[in-house]
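This briefing goes through one model, topic by topic. Please keep the sequence and the structure in view while reading.

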Amino acid sequence: MERGASTGLAMKQSLPPPLARFLTATELDTRLLGMIGALLLIWIGFHLASGGLFLTPRNLWNLSVQSAPVAIMATGMVLVIVTRNIDLSVGSMLGFLGMIMGVVQTDLLPQLLGYDCPAIWMLALAAGLVLGAALGALQGFIIAYLGIPSFIATLGGLLVWRGGAWWVTHGQTVAPLDATFRLMGGGPEGAIGATWSWVVGALACAAVVFLLMHGRARRRTFAFTPRPLAAEIFIGGVACALILVAVAVANAYPWPIGSVRRYAQAQGMALPDGGLFIAHGVAIPVLIAIGVGVVVTFLATRTRFGRYVYAIGGNPEAAELAGIDTRAVILKVFMLMGILAAISGAISIARLNAATNSEGTLDELLVIAATVIGGTSLAGGTGSVAGAMLGAVLMQSLQSGMVLLGVDTPLQSIVVGIVLVIAVGLDALYRRRRE
Amino acid sequence: MTNAAGTPLVEMRDVSLAFGGVHAVDRASIDLYAGEVVALLGHNGAGKSTVVKILSGAYARDAGRIFVRGAEATIANPRDAKALGIETIYQTLALADNIDTAANLFLGRELRTRFGTLDDIAMEARARAVMGRLNPHFHRFKEPVAALSGGQRQSVAIARAILFNAQILIMDEPTAALGPQETAQVGALVRKLKSEGIGIFLISHDIADVFDLADRICVMKNGHVVGTARTADVGKDDVLGMIILGKCPPGAIPGPGATA
């Protein structure tokens, strides 16, 4: 009955045995834990260096909103890179789809439906998603069926979609956007408030507990030794604590006084002397990003599609010989990437309350960097969605931390560049040690 | 054991395939009966692997016909072959190194829950059962197959071929990566599968192995079939003559590749 015991990793043997055994029993990814550790170090470092400005509800809330577009696209980039491909077009596609969604909601639909039609935001978003899927599928078709290397096909896409973004309005910025659509961008109205944030947090905790219990029950059906109960409780406890802390932080960030005044006016109530504490709660773009992360993780780990994505990355010939339609899988991966670019585009233009033709410029590099920092190997075959999203948060943390410290923009680029190379270097070292 | 009467399990008639003008296989005709082991012999580049890859759907043939259990079969891709009960153990093993044993065993034929999601636990349970028969000391189910030894990887590849009740098994150099003890295990497995009525194409360079396991021998040279013989009717020297000189000995049925 010593079945699961052979999973010991070389790294853990340097730890004291009881702790090492416990870590092994939790079956947690040590790599991911390392990333979380690095992120915490960066946060604490910036907090100390900025004299206590970094780890504040306000800064963390903004950090979460700013990370969302890159984090969303990074989830899809994981699958692209796992299949040994690359997508350089995501930033341009974000810009192009953003322009389309902008024009659809400010120009096209109001002419058809009138300005106050409540369906405008949905139709504009749907237009972006459908077009994103179509453009992604087109690139996927060119790569998978016409055999053009993805680097070239999407480099072409980078130029074409950026040019297209200009073409939509001949360079004019589209603004202001539909009021409901704007909620996707965050801000005081674009957050769900304290009560709903607690509801979401509680549901998330319930989901964690359910998944852990379901897993235990499944293992028992097949008479596998389940994880030690202590390990399960530890994992569940830590996950729930993190969720609740995140909600508490989001709820500790109050609306700015201007928004509160407008709100009080609209409600026809007098503003009390001490002001009014209205919490932001979790921002809608952050909820979208988390939802995307859950869906793509599910696709990657629980479906045939995801299994094939990884198999193709591990050994394309073996995948083919196993009877997998590898071309269709690649096409779907790029289609998913297009959909995610549309979601990120919607968030980006909503946040700006304007669609500009330069939106998303250089985002492809941030997305690829986040994905690679998050542990996805450019050689293909390995990578996790959660890691890539953490990578996006890490990149954004570096950037906004340096802004807080007043670091010049050129120096910011230099630091980010160096961190990218070091992070990937450390990861390569870690992998080699494991082998 | 050879069941010479009745319909062959597989009959390949005048199958040809060229790669850019080079005839990898030229008008090859080979058949296989239930419960029979047919060894394919020849130098590197003789066309053995290409013939079996045509049968397993990895390559599409240019010409010729294939009959499976008497019915003409179109085998355009690996899925078609698997649907006909043809399973292959490739020389390269064709494993995805980054995923674990169960994921490799069920690759392309995953078990799913009633919600359509991957049923990894059920797959692992079946993987444990089949691997338990082939390699009782194997316990590394949670690790990617890249971490396994050569012999363990070989047993994963073999397990995958027998997991789905293959009726026709193609083994391309199944013992090339194995030590003597594991080679003996594979030999025992071949005899067992044969006794269950499975037809096996065996590609091997080990003549001793071939005489030990095969009922018939088919020798190829430069993409042609030199000849086919019952193992009992020829000696090792005859077979070497077929491989090296393309000379068909008495007792063998000459093919288009036999020298006059």
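Predicted model: local features only at pLDDT ≥ 70, side-chain atom pairs only at ≥ 80, totals over all residues.

At what angle do helix 3 of chain A and helix 11 of chain A pack, and how far apart are their axes? The angle is about 15°, and the axes are 8 Å apart. Angles under 35 degrees count as roughly parallel, so helix 3 of chain A is roughly parallel to helix 11 of chain A.

**Helix 3 and helix 11 of chain A**

- Helix 11 of chain A spans residues 284-302, and its crossing with helix 3 of chain A is left-handed.
- On the side of helix 3 of chain A, the contact is made by Ser64(A), Val65(A), Ala68(A), Ala71(A), Ile72(A), Thr75(A), Gly76(A) and Leu79(A).
- Helix 11 of chain A contributes Pro285(A), Val286(A), Ile288(A), Ala289(A), Val292(A), Gly293(A), Val296(A) and Ala300(A).
- By class, the residues of this contact are 12 nonpolar, four polar and no charged.

**Helix 4 and helix 14 of chain A**

- The axes of helix 4 (residues 90-113) and helix 14 (residues 326-352) of chain A come within 8 Å and cross at roughly 60°.
- Helix 4 of chain A and helix 14 of chain A are therefore oblique to each other.
- The crossing of these helices is right-handed.
- Residues of helix 4 of chain A in the contact include Val90(A), Met93(A), Leu97(A) and Gly98(A), and those of helix 14 of chain A include Gly338(A), Ala341(A), Gly345(A) and Ile349(A).
- The residues of this contact divide into 10 nonpolar, six polar and no charged.

**Domains of chain A**

- The domain assignment gives domain 1 of chain A as 40-189 + 283-405, and domain 2 of chain A as 192-281.
- The C-alpha centres of domain 1 of chain A and domain 2 of chain A lie 25 Å apart.
- Seven residues of domain 1 of chain A touch nine residues of domain 2 of chain A.
- Helix 3 (residues 57-82) of chain A gives the largest share of the domain 1 side, four residues.
- The domain 1 side has six nonpolar, no polar and one charged residues.

**Contact between chain A and chain B**

- Chain A puts 26 residues into the contact, and chain B puts in 24 residues.
- On the side of chain A, the elements that give two or more residues are helix 8 (193-221), helix 12 (304-314) and helix 13 (316-321).
- Helix 12 of chain A supplies the largest share of that side, six residues.
- The side of chain A that touches chain B has nine nonpolar, 10 polar and seven charged residues.

**Confidence in chain A**

- The average pLDDT of chain A is 91, and 96% of the residues score at least 70.
- Among the elements of chain A, helix 14 has the highest mean pLDDT (98), and helix 1 (residues 17-26) has the lowest (75).
- The pLDDT is below 50 over residues 1-13 of chain A; this stretch has 23 contacts in the model beyond near neighbours in sequence.

**Backbone details**

- The peptide bond from Ala175(A) to Pro176(A) is cis, with omega near -10°.
- Pro176(A) sits in the loop between helix 6 (150-169) and helix 7 (179-182) of chain A.
- Glu173(B) is not a glycine, yet has a positive phi of about 50°.
- The loop that holds Glu173(B) runs between strand 7 (168-172) and helix 6 (180-195) of chain B.

How values were computed. Residues numbered from 1 in each chain as written. Chains lettered and ligands numbered in written order. Axes fitted to C-alpha atoms, helices over the stretch in contact; angles between N-to-C directions. Parallel < 35°, antiparallel > 145°, perpendicular 65-115°, else oblique. Left-handed = near helix turned anticlockwise from the far one by under 90°. Contact = placed C-beta atoms within 7 Å. Nonpolar A, V, L, I, M, F, W, Y, C, P; charged D, E, K, R; others polar. Domains from an automatic or database assignment. pLDDT = per-residue confidence, 0-100.
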